[in-house]
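Hi everyone, thanks for coming. Have a look at the screen while I talk.

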Amino acid sequence: MQDGRAPRIRNRAPAAIQITAEQLLREAQERQESTFRAPKQRVEDFEELHEYRGRKRKEFEERVRRTRGSIKEWTQYANWEASQNEFDRSRSIFERALDVDPRSVQLWLSYTEMELKSRNVQHARNLFDRAVTLLPRVDQLWYKYVYLEELLQNVPGARQVFERWMQWEPDDKAWQAYIKMEERYDESDRASVIYERWIAVRPDPRVWVKWAKFEEERGKLDKAREVFQTALQFFGDEEEQVEKAQAVFSAFAKMETRLKEYERARVIYKFALSRLPRSKSANLYAAYTKFEKQHGTRSIVESTVLGKRRIQYEDEVSQDGRNYDVWFDYVRLEEGGLRTLREEGGTKEEEDAATERVRDVYERAVAHVPPGQEKRHWRRYIFLWLEYALFEEIETKDYDRARQVYRTVLNLVPHKQFTFAKLWIMAARFEIRQLNLTAARKMLGTAIGMCPKESLFKGYIQLEMDLREFDRVRTLYEKYLEYDPTNSAAWIKYAELETALEDFTRAEAIFELGVSQASLSMPEILWKAYIDFEVDEQGDREKTRSLYERLVVLSGHHKVWISYAEFEGSSIPLPRAMREEEEDEDAEPRVVAGDPELSRQVFERGYKDLKVKGLKAERAALLESWKAFEQEHGSESDLAKVEGMMPIIGRKQHVDKETGQVVEDWELVFADDEREANPRSFKFLQMAHAWKQSQAKKPGGGGILSGFTPATSSVPESGQNDDVRMEDRKEQDDSHSDVASSDGE
């Protein structure tokens, strides 16, 4: 308890005597000390009363003398005199206080309240009259004055007070209070006149709306329309004034909607929206959209929704003009509106207006040229031009304008730094559709001469292929390969063209020229295509064999050896000369069977080549393929031979040069490697594996020591035990290094 912490409770058992909350509260109440109360004085006669009043007046006079500016002291003094029914004295004190501070609102209210409590109504009226004359801008005094007159059922007097008040042009609450008083006494015409005076003083849109709503509620619909029309005339047609009067337009249209005058409401909405910019009429557009969804046709609703979306897109593009994704959405919106208008059978003027809107959006979009000379900034921008050209070609059928769009964008792109093949190709295909083949070829030729590119060559070649101009295609392939002779795919496509044209001599020459290039991108696909051509098209096994021989000299990859061996063992079609002699095309094509013996020779050559290069993983992969081949085509002895060559997984220890620690790695151990490197340990390893296999075949042979009997002699002494352990560890290390190491160390 000394450090302020709560005492630790040791015994949590309930007490023998329980105390309730009620007892605690009662004891607390009984033990409270009674507060001091002043003794009550009773006045027995007039002499004591005069003495009491004189003492209190002296105290009050002393207090107001000391604190002359304290209105609270004066008010207490006057109210005490009033409580003694000394009203003249009370009025005298209030008047003395007003001489001190005649602009104290609280003092005037206390003075009038004293008079009203004493039922001196005329005195109170006189005081209110003096107060509002002195303080005409204090609304509280006017409200009290009006309330007094209305409470006394003096409606003309209250109206007269309001009239005096309105001369000072108070705030809107005062006018509203005057109108509500007239409404309480069913003086609607007087209220309408007050509204008119209110409008003359403060012509705000909400005041016009309140006046029109008042006229509508009392059934004067023509008067309500007149009010709205007067308001619209007052605000005029200027953009700033129309923006200010949006509430008037909205209320006018909603009133016409309630009266089921939908055409009037629609005209009002359109009148306002036509004179307001889209960015400033979001709320009015929302009201118009809601109106059309409830009472409009499908076309009108869609048009309204389009207008609302236009506002949104305009805001976004005004913030960032190079946000091309927003421009794409904006263009699709306008194009969708044009298609909808055509489907619903719009007039020629409406279609022309919609077309001009689409063109305007496209022109504004392409005017925002990307900054800098980096291609990544131009990608989305170019598609705007392409969409523009397709719109002019497909939707408007204005081919001259579409051609002009293509020419403009081609002149705009800096082709020396980068180019867009899609742009050139689409422009050329447009000319083809216009039956202007010369212009299309000239355009693509200019593109290849100015900025050669792989996709440009492909597009030009495909164009001539579609036109069946094969001589031009050959010329283009030659130019293509002069531009990029390392492109393996181009050589293959060129050869495939000649194959399709059944000019096999040219195709073979192209393949030969391609593989003879000094450097190629992905040469393996070109070699594979060349070999497949000789096998499938020519059926020339000798030529294919010579290609494989050249390829293994160049690469020596294990997959090449595997493919070579599988080729020797597989069947291929007849040579082309023999196939052409057969007249029956429906018959199953004849094939020439392979030679498994040649395949085995290739496998052996490949194995030796990979062994010389020291590629163990590749040798294992080749042996797996060789094993699968022997399982399908070979005998048991051939399969056993390959299985005997299969590697096993061994462990090898070496010292890491960076850390200096002994690291153990797994490696492939081949039988022939061990035979050549460690003949003695290899023989021992063979015997160990044979023994392990024989033990595994026995039904009870579980572990390695299953054939041994444990020793029954006593445990050796500690010294002898240590010697035995050292000898065992040394023998294990020697055997591990002799057996598991592939290099014999």
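One cut-off before we start: I call a residue buried when its relative accessible area is under 20%, and exposed when that value is over 50%. Please also keep in mind that this is a predicted model.

With that cut-off, Phe 60 counts as buried, because its relative accessible area is 6%. Trp 80 is buried too, at 10% relative accessibility.

Now the overall picture. The chain has 745 residues, and 38% of them count as buried. It contains 37 helices and four strands. If you take the contacts between residues at least 6 apart in sequence, 50% of them join residues at least 24 apart.

Let's go to a helix pair. Two packed helices are described by the angle between their axes and the distance between the axes. Helix α3, residues 71–83, packs against helix α5, residues 105–117, at an angle of about 5 degrees, and the axes are 11 Å apart. Angles under 35 degrees count as roughly parallel, so that is what we call α3 and α5. Which residues make the contact? From α3 we have Ile 71, Thr 75, Asn 79 and Ala 82, and from α5 come Leu 107, Ser 110 and Met 114.

On to the rings. A search of the whole structure turns up 37 aromatic pairs. In one of them, the ring centres of Phe 60 and Trp 80 are 5.7 Å apart, and the planes meet at 40 degrees, so this pair is tilted. Phe 60 belongs to helix α2, residues 46–66, while Trp 80 belongs to helix α3; the two are 20 residues apart, and the pair links distant parts of the chain.

Compare that with Tyr 381 and Trp 385. Their pair is edge-to-face, with 6.4 Å from centre to centre and 85 degrees between the planes. Both residues lie in helix α20, residues 375–395, four residues apart, about one turn of the helix. And are Tyr 381 and Trp 385 buried or exposed? Both are buried.

This pair also belongs to a cluster: ring pairs link Tyr 324, Trp 378, Tyr 381, Trp 385, Phe 418 and Phe 420. Lys 375 lies over the face of Phe 420, at 5.1 Å from the ring centre. Elsewhere, Arg 541 lies over the face of Phe 567, at 5.1 Å from the ring centre.

Leaving out residues up to four places away in sequence, Trp 666 touches Ile 649, Gly 650 and Arg 651. Trp 666 and Arg 651 are 15 residues apart in sequence, yet their C-alpha atoms are 4.6 Å apart in space.

Last stop, the backbone. Most residues other than glycine have a negative phi. Asp 186, though not a glycine, has a positive phi of about 60 degrees. You'll find Asp 186 in the loop between α9 and α10, and it is exposed, with a relative accessible area of 67%. Met 522 has a positive phi of about 55 degrees, and it is not a glycine either. Met 522 lies in the loop between α27 and α28 and is exposed, with a relative accessible area of 51%.

Technical notes
Residues numbered from 1 in each chain as written. Predicted model: local features only at pLDDT ≥ 70, side-chain atom pairs only at ≥ 80, totals over all residues. Heavy atoms only, no water. Axes fitted to C-alpha atoms, helices over the stretch in contact; angles between N-to-C directions. Parallel < 35°, antiparallel > 145°, perpendicular 65-115°, else oblique. Contact = heavy atoms within 4.5 Å. Phe/Tyr/Trp six-rings, centres within 6.5 Å; stacked < 30°, edge-to-face > 60°. Buried < 20%, exposed > 50% of the residue type's maximum accessible area, 1.4 Å probe, protein only. Lys NZ or Arg CZ within 6 Å of the ring centre and 35° of its normal.
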